[in-house]
Amino acid sequence: MSSEYTPIHSETLVFIGAGATATLGMPSTYGQTEIFRKLSETETADEAEVELSKYFSSPDLEKIICFLNLLDGSESSIFEVSDADIANAVKIYGNHSENLLRNRILELRTEYDWNATKKILKICPHNDKNDNLICDAYSIIDRKLISGQSLKLDCGTTNKNILTEEIIYPQRLQGARNFLTLFINMLFASAWNKITYDEKSEEFEKYKKFINSFDRLMQKEAVNFHSKKYPFQDRSFYLFSTSFVSFNFEMVFPWIFMQSHREVNQRPPYFADRPLKLWLDYACEHRGRKTDDDGNVISTLEFTEAVASRENEDGTHIGSELNRAGKFYFAHGSSAWRECPVCGRMTFYFGYSKDKWNYKSRELIPPFPIPIFNTIDERALTKSEISWRKFLRYDSLQCMHCGAETKASDAPMIMQTMYKSTSTSFLEEIQRNVKVSLEKARHIVLLGYRLPPDDTIWYQAFSEAVRSRAKTDNAAFCTVVVGHKGENHWIHPDGLESYVELHRNADDADAWGVKAIENACAIFGKDKVRAWTGGIPQVFGDCTENDVRELLYPDFVNWAGTRLE
């Protein structure tokens with residue numbers, strides 16, 4: 001007689017939003033809006049130096065200003081290259097022939113159309129209290145790109161002797177979109193660069209300790225699951241009880257996980273003579289890169305749960321490793337990804353050399369079109385990449401699948417926009433995995449993520465996955481960790497309504513986590529939501545294993561029927 005098949009998924013699913021890393025200096029949507037609004041209102045980037053200096057430090061700040069100025073170019077034509085543009089290029093790239101610098105300037109203006117971006121930003125709605133500039137800009141661009149249409153702008157003049165309107169054609173719209181994405185990635189990279197120089201060191205240490213405690217808990221969890229006779233090769237044993245979904249593009253959380261895994265894997269528990277190792281699985285096929293002992297660049301395949309299952313099942317070799325895998329989903333893509341324009345496959349950028357990997361590795365920052373953040377080590381480049389740099393293409397990296405040239409503009413990232421185009425195959429696969437995990441998770445943590453109703457795709461996904469089982473024994477519970485002005489204690493379901501009423505009409509209601517709590521209650525129900533509004537990383541407490549349990553495996557969740565009961 002056949003038995004019932006019950007698929008195994010992580011019991012807790014953590015959704016990581018911008019608020020989860022804001023304490024580390026990663027720019028929030030508000031911060032991005034602030035800098036783009038200021039840049040769009042200035043004639044030259046020099047006028048925005050004070051604003052830019054909030055995000056960039058010397059000598060990178062000076063290069064960023066020169067980069068913006070040479071991209072802006074002449075108002076009459078992006079193909080006009082002035083002596084001032086050449087001078088800016090020299091400050092960025094050093095002394096080269098004028099012809100080489102001119103060609104590079106024209107390449108950059110075509111790829112990253114800052115001139116068009118500024119004009120688009122100026123026609124976006126402006127609301128001081130609820131400015132959604134980034135979403136508005138992407139939505140304007142994407143609506144036109146999806147339909148293949150151009151954008152007509154009024155030049156603001158009545159002089160009949162000059163053009164009174166300008167048409168921005170789709171190629172320039174794509175250039176404007178490329179620039180928005182590139183500059184946002186530069187903001188994230190600069191924030192990480194500051195961390196590597198020990199800024200925010202106290203806050204960063206709490207993230208490290210918390211994740212390290214989580215890893216030790218996953219080791220103990222393996223011992224517990226083994227005592228329950230779960231087979232090594234089955235998900236019931238090797239899959240972490242918590243998976244993570246990031247809506248951020250930076251690599252803060254997965255990078256800390258990877259370094260923490262390297263540490264705890266040096267002190268593994270043993271099952272007979274088999275040591276246990278912890279890994280991350282990004283739930284999509286991709287290749288990375290590293291240098292071998294001779295300095296040659298080679299392609300690497302990353303760990304997946306298929307590897308965990310097969311290696312765990314083998315067990316024929318004395319001392320062979322056992323593995324556990326934690327799912328980490330980049331649901332909107334990552335700045336560390338490159339989608340090859342030729343073969344369409346994805347390469348994951350983790351720096352040049354694993355010998356230089358550490359918690360604050362500067363190599364984590366992918367290369368940009370201009371040499372900034374000191375991430376370039378020409379000893380770890382391929383011959384093709386070295387030849388591309390002779391043409392000042394500092395961001396060019398080879399695809400690890402077919403060998404073609406990829407650039408910074410090839411980062412596949414789903415930005416804030418009301419018009420979603422078709423995702424790449426690997427992003428589509430990741431999102432399908434997330435939605436299945438969402439349907440099965442018993443506990444969902446919103447870590448710095450407000451679950452906004454205008455994020456229609458994910459709001460609907462949450463509604464379907466949660467409300468369809470709200471009255472069953474498998475009902476989902478929610479922990480909201482949003483806001484930083486509240487007190488450092490948990491607000492349990494019976495106290496949420498009075499808390500929301502107290503702060504609902506505050507000018508800074510978001511800082512009190514009000515909207516996030518209301519959004520969660522609308523989907524999960526008031527009796528299945530608790531909240532922490534005292535900030536991140538304060539929610540990590542003393543970063544002990546008990547603190548990990550309190551955040552990820554609280555008693556108010558009904559764990560019956562799961563591996564954790």
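Buried, in this talk, means under 20% relative accessible area, with exposed over 50% and partly exposed in between, using a 1.4 Å probe and protein chains only. By that cut-off, 57% of the 565 residues in the protein are buried.

A word on the source. This is a predicted model, where local features need pLDDT of at least 70, side-chain atom pairs count only at pLDDT 80 or more, and totals for chains, interfaces and linings use all residues. Residues are numbered from 1 along each chain as its sequence is written, and side-chain values use heavy atoms, leaving out hydrogens and water.

Overall form next. The C-alpha trace spans about 85 × 65 × 50 Å along its principal axes. The radius of gyration, over C-alpha atoms, is 25 Å. A compact globule of 565 residues would come out near 24 Å, so the two agree. That rule is 2.2 Å times the number of residues to the power 0.38.

Contacts: heavy atoms within 4.5 Å. Take those with a separation of 6 or more; 75% join residues 24 or more positions apart.

Now charge. Lys and Arg count as positive, Asp and Glu as negative; His and the chain ends are not counted. We have 67 positive and 80 negative side chains. Charges are placed at NZ of Lys, CZ of Arg, CG of Asp or CD of Glu. The centres of the two sets lie 2 Å apart.

Finally, one helix. Helices are DSSP runs of H or I, at least four residues, numbered from the N terminus. H8 covers residues 170–196. Of its 27 residues, 24 are buried. After H8 comes Asp198, with a positive phi near 70°.

Key. Helices (H or I, at least four residues) and strands (E, at least two) are DSSP runs, numbered from the N terminus. The expected span of a helix is 1.5 Å times one less than its number of residues.
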